[in-house]
Amino acid sequence: MSSLRRRKPINESSDSKHKAEEEDEDHDDVDADGDDDVNGKNKKTPSKIKKKRGEKPPKQPKWSCMDTCCWFIGCICITWWLLLFLYNAMPASFPQYVTEAITGPLPDPPGVKLKKEGLEAKHPVVFVPGIVTGGLELWEGRECAEGLFRKRLWGGTFGEVYKRPLCWVEHMSLDNETGLDPCGIRVRPVSGLVAADYFAPGYFVWAVLIANLARIGYEDKTMYMAAYDWRLSFQNTEVRDQTLSRIKSNIELLVATNGGRKVVVIPHSMGVLYFLHFMKWVEAPAPMGGGGGPDWCSKHIKAVVNIGGPFLGVPKAIAGLFSAEAKDIAVARALAPGFLDNDIFQFQTLQHVMRMSRTWDSTMSMIPRGGNTIWGGLDWSPEEGNSCAKKREKKNETQIADQAGSENAVCKAKSANYGRIISFGKDVAEAPSSDIERIDFRGAIKGHSAANTTCRDVWTEYHDMGFAGIKAVAEYKTYTADSLVDLLHFVAPKMMARGTAHFSYGVADNLDDPKYKHYKYWSNPLETRLPNAPDMEIYSLYGVGLPTERAYVYKLSPHAECSIPFKIDTSADDEDTCLRDGVYSVDGDETVPVLSAGFMCAKGWRGKTRFNPSGIRTYIREYNHLPPANLLEGRGTLSGAHVDIMGNFALIEDVIRIAAGASGEELGGDQVYSKIFNWSENINLQLDEEIPVHSSS
Amino acid sequence: MNKPLSFYRPYFLSKTMSFLRRRNSTDSSKTRIADPNIEKDGADDGDKKKDQYKIPQRRNSGSKKWSCWDNCCWFIGFICSIWWFCLFLYNTMPDSIPQFVTMAITGPLPDPPGVKLRKEGLTANHPVVLVPGVVTGGLELWEGRHCAEGLLGKRLWGGSFGEFYKRPLCWLEHISLDNDTGFDPPGIRVRPVTGLVAADYFATGYFVWAVVIANLAHIGYEEKSLYMAAYDWRLSFQNTEIRDQSLTRIKSNIELLVATHGGKKVVVLPHSMGVQYFLHFMKWVETPAPRGGGGGPDWSAKHIKAIMNIGAPFLGSPKSIALHFSIEVRDIAALRAQAPGLLDKDVLGLQTFKHLMRMFRTWDATFSMIPKGGETIWGGLDWSPETETVNNSAKKGTDNSTRNTGGNGNICDTKGVNYGRLISFNKDWAETHSSKIERVDFKHVAKGDKLTNSSNCDIWLEYHEMGNRAIKAVADHKVYTAGSILDLLHYVAPKLMARGASHFSYGIADDLDDPKYDQYKYWSNPLETKLPNAPDMEIYSLYGVGLPTERGYIYKVAPPSDCSIPFQIDTSVDGDSEDSCLRGGVFSGDGDETVPIISAGFMCAKGWRGKTRFNPSGIRTYNREYKHAPPANLLEGRGTQSGSHVDLLGNFALIEDVLRVAAGATGEDIGGDRVYSDIFKWSERINIKL
């Protein structure tokens, strides 16, 4: 924009003087003779003629409204240009001066600090981006997407998307049957470090980490962004793009070109699950797997540094799949009830989004795994009764420190039933399980359509459910992690059929069962063994101190055509049980609860267990969330939020130290703020190999 | 009533926009000073300032309505509004309108080759490797000095050239390499951009590979079946491996491409210098491990289906000599002739040229473009392959040289042109027969007495160490052929050439089995290496013809001045006739504006044709020429039938050939040779042992 506008005066400068003179003449004419200026009008633009008309009364021709407008705009433009010029002429270090003047001297970024300590690039680094953060670009599209070839459909500036949203939805959606691209559309992941350094302009994902690694000597050849199409199920990325083969080949190349130094892998968010899948894939024999042999991981990987890893899934994914809403959207709906519910301009935004996101198989990798064993049943949950009080204490620390104690007691007395991930109605969420009458929904007949389905063009499976189905779902009243999977099967059978072909959510009884050789189990840490790599290290780095969605109170939405029949009941609030706007929160990083991020490294893989037969060392590093002190800090250097944590200086320092060769012990082992170890104790999961036959070899 | 109200309006406005208006009011206060009444008002204290503001306005109201300032504002506002309106219209315009307009003017456009061939049923088959040439690849900053703060990860080269227009000296510092090592200076790391973005567009809107990529995509290619073999084009070829392991990466990625495509071999598309880089790669990959890639003697046969060299300077380009000698080519020399003061003198103390030359000379890769093969290929004092010299006798030699007759390819009149003389100091010496020229050997002239008290030349150039005597000696040698030009460069820039000679070689091998040819400096010279043992492979040379291409220069000694480059192209020299090949001190031949035909075509036309000692396994070779036709009108941009060095990558005929080969066609399928020039005739005149 600015460059365009700046070009303008150059273009026009030649005739600008000319016009200006004309202008002066015109005014003389007006004073002298009102009729005279008629000849000058014929070639002028309508706006100018209007202006002239304003001047017509010869008495005092002065400032017409149009003139004032023009004058005003002119002033603004001049100021703007002046500021732009000043901004451009400003030395680059100026903003930093200002920031420092206001906030005091900034700490060195970790890269600079560690460079002073003498750290140097050592192990090559592999980044595995998570869901949503990786860029996607168009390689072949329909008519409506003309001119968008190799432009980003996702990430970056979102290209021209804002002009043609329906076209965009069409291209971003996958085929409902195959889970691959529809015919005639090819959307492919962007490759290279640019794939996920910034999500949108100015919104960093990996950029800060990359910049800090560069400070100690990393560069393109020692870093690799394992970009993949995050919409596909993990195995399909290999089927369609050979992504897993590329990652394997590139890791081998990195090791070969860096003198045999093993790589440090840094997966983020869903990338954690993707990399678990990769580690199983690469060691599996050739037709289904990568054929790297049983010691590929131990030969090529020094450490896996998982950031914000949803090892066991996230409850948020349920709300996303069930009603295409998470806390933020639900609150927005409560604030502006008409806006999202009614189809303003016929956009049917939510339904479109839901339809699109339901074609993305990868979202199903985030459904909570481990069922009631991990996430709690009707009447118990591992996090029982402490997180809420803790958070409140922190919030009100200064004001009512003395009240904290009493509140703590209240909270203990009346704790939330986190195990009930979905409840229909607040009462149901709180009542003891013996009081709830539940009617099984599984047998209920679907059938007569909910509406006269004129809204066919927005296809979600809800329209096939019918009233009976919807009612049956609501009457089951409360769902735990186990029954949730059944629920999703009931409300969206086609989608889940695709999902269960690629993902599994259970806990393995016997890992030696040959069925676990199938790829659908590979991304579930509770149904696979870690590779045989005793020298490897696994870290789980995640933020804590932010309320994170853990369970929902739902209601049936008022009947409307084509709308999604279930909704988060945003009116449900309960101070004591952390219930706000229909959402029960626990400690976490705003997306992943501590339990999901920490359990595997805290207990499931700690020491030699049946999931970790070679005794790979695991470390938990938590980062307590602190909001940015002021606006100048942007997204903060101490943040614990799911994505912002990638800019957390403490985390970056840890990552750099690991990449420069430090082991987990040298970092200081575990760093824990939450009660993850207590909670893990509450989970009763068999960890010893039940069959006495030794399996480590 | 009307009058005062209308006057208050701007005043109210000024309240809302106090900042600007206040500046305005100071203007008027200046004019006020003349008026004694107002001066009194001005003496009042600040509380009355508003009144003070109103009074003069009201007073002036009768006579002066629009101050100059207001007029300016009005005018700018008016223009801006219109501009925004147009911008808005432009943005809401459907995307197909520009195409409609173009069609309305030029008639229906032909389908791009990708669409056309897709209709024929072609689909993606062999994976494709793109090897960009010199200059076109992007470079980005990974570590920099203080002045480059905030530019980490930004492009130093290519793209929008980042923020560097603001700090040119900083840019020069970072883009230059170390003069001794040929690597980055300490504390600076500039690295090639990777991925297809590395060279799809050079600058915004200036495509390099983008059109080829788009057309490949039409028949089903995508990122996974395309690979941009980006490398740091400033480094010598072997140094890219030492610093960045670029060759290893290319090897690994080609292997990956073949593996993920069910064993289908790759089609390689090198462009410009990438051609030589890929020659180097093919030797490197089959050389055993410590010095090479250890791929074994049949790596190329296993992994490469075809190499389609585009605009290939197999045997170098005379342009690089002018660049090395005095950092100017035709265009720059012409510019200098037009505006003599601008470039010669140090306007604003910028010393642009010397800075550029210094930067340019640190780039080892540029040595790869110096003409190879010496007089055997490029012609001697009295003959050249492009001109038909009937006899060698003194007078007839100049009279009898005939027209350069290639198809329609009469680029120019070759009368009196001795292409063999790449550099001549004076037009007469360029034309006179060799027996009449007295040449003084320059090699033993001692350098020494400094040109100037070069204390104020902070820019380092080896010319400053030459001294007047040496400059004179160079000029006294009068004429240089491809053979002696190397001596010349060694003489004027010994340090530079010492670096260059350790990485590149420009001769012709007598005995290719000599073990010395295992050394990497010979690998990029097709006249000193054997092609790999891959009888199924195909080598294409695709290049543009029909454009005047620099082939020889007339130099003069520049008027001595502090710190300037002592030699310049003598732009005042023109040929005798209207269409003479000599224009502005430059002899032109046929070619693609950068690479003469002889360099692009000779190897495939003769050097490698059939089984020769350079091509022991008899790899089939094809010459495909594309006749240049300028774009019909501006709307066509750089044209779809261009033959010029870079624009050739947007030539539909070339893209069609590339697509057909990528989809599985052989050289015979696409029609074998396709030649407009006299390349075969010229090749015959080159007397080389095969």
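Visitor: Which residues touch the most other members of the largest nonpolar core?
Guide: The model shown above is a predicted one. In soluble globular proteins, nonpolar side chains tend to be buried together. The largest nonpolar core holds 158 residues, and those that touch the most other members are Phe127(A), Trp206(A), Ile266(A), Phe278(A), Ile301(A), Phe322(A) and Ile422(A).

Visitor: What does Trp206(A) touch, not counting residues up to four places away in sequence?
Guide: Trp206(A) is one of the residues that touch the most other members of the largest nonpolar core. Once residues up to four places away in sequence are left out, the residues that Trp206(A) touches are Phe127(A), Val128(A), Pro129(A), Ala196(A), Asp197(A), Met225(A), Ile266(A), Pro267(A), His268(A) and Met646(A).

Visitor: How many residues apart in sequence are the parts that the pair of Asp244(B) and Arg191(B) ties together?
Guide: The side chains of Asp244(B) and Arg191(B) meet in a salt bridge, with 3.6 Å from N to O, and both residues are buried. Because Asp244(B) lies in helix α10 (residues 237–244) of chain B and Arg191(B) in strand β4 (residues 189–192) of chain B, the pair ties together parts whose separation in sequence is 53 residues.

Visitor: How far apart are the closest N and O atoms of Arg191(B) and Asp184(B)?
Guide: Arg191(B) and Asp184(B) are both buried. They form a salt bridge in which the distance between the closest N and O atoms is 2.5 Å.

Visitor: Are Asp673(B) and Arg609(B) buried or partly exposed?
Guide: The side chains of these two residues, Asp673(B) and Arg609(B), meet in a salt bridge at 2.8 Å, N to O. Asp673(B) has a relative accessible area of 29%, while Arg609(B) has one of 27%. Buried requires under 20% and exposed over 50%, so Asp673(B) and Arg609(B) are each partly exposed.

Visitor: Are α11(B) and α12(B) roughly parallel or roughly perpendicular to each other?
Guide: The axes of helix α11 (residues 246–260) and helix α12 (residues 273–286), both of chain B, come within 11 Å and cross at roughly 80 degrees. Since angles of 65 to 115 degrees count as such, the two helices are roughly perpendicular.

Definitions and conventions
Residues numbered from 1 in each chain as written. Chains lettered and ligands numbered in written order. Predicted model: local features only at pLDDT ≥ 70, side-chain atom pairs only at ≥ 80, totals over all residues. Heavy atoms only, no water. Core = buried A, V, L, I, M, F, W, Y, C linked by side-chain atoms within 4.5 Å. Buried < 20%, exposed > 50% of the residue type's maximum accessible area, 1.4 Å probe, protein only. Contact = heavy atoms within 4.5 Å. Salt bridge = Lys/Arg side-chain N within 4 Å of Asp/Glu carboxyl O. Helix = DSSP H or I, 4+ residues; strand = E, 2+ residues; numbered from the N terminus. Axes fitted to C-alpha atoms, helices over the stretch in contact; angles between N-to-C directions. Parallel < 35°, antiparallel > 145°, perpendicular 65-115°, else oblique.
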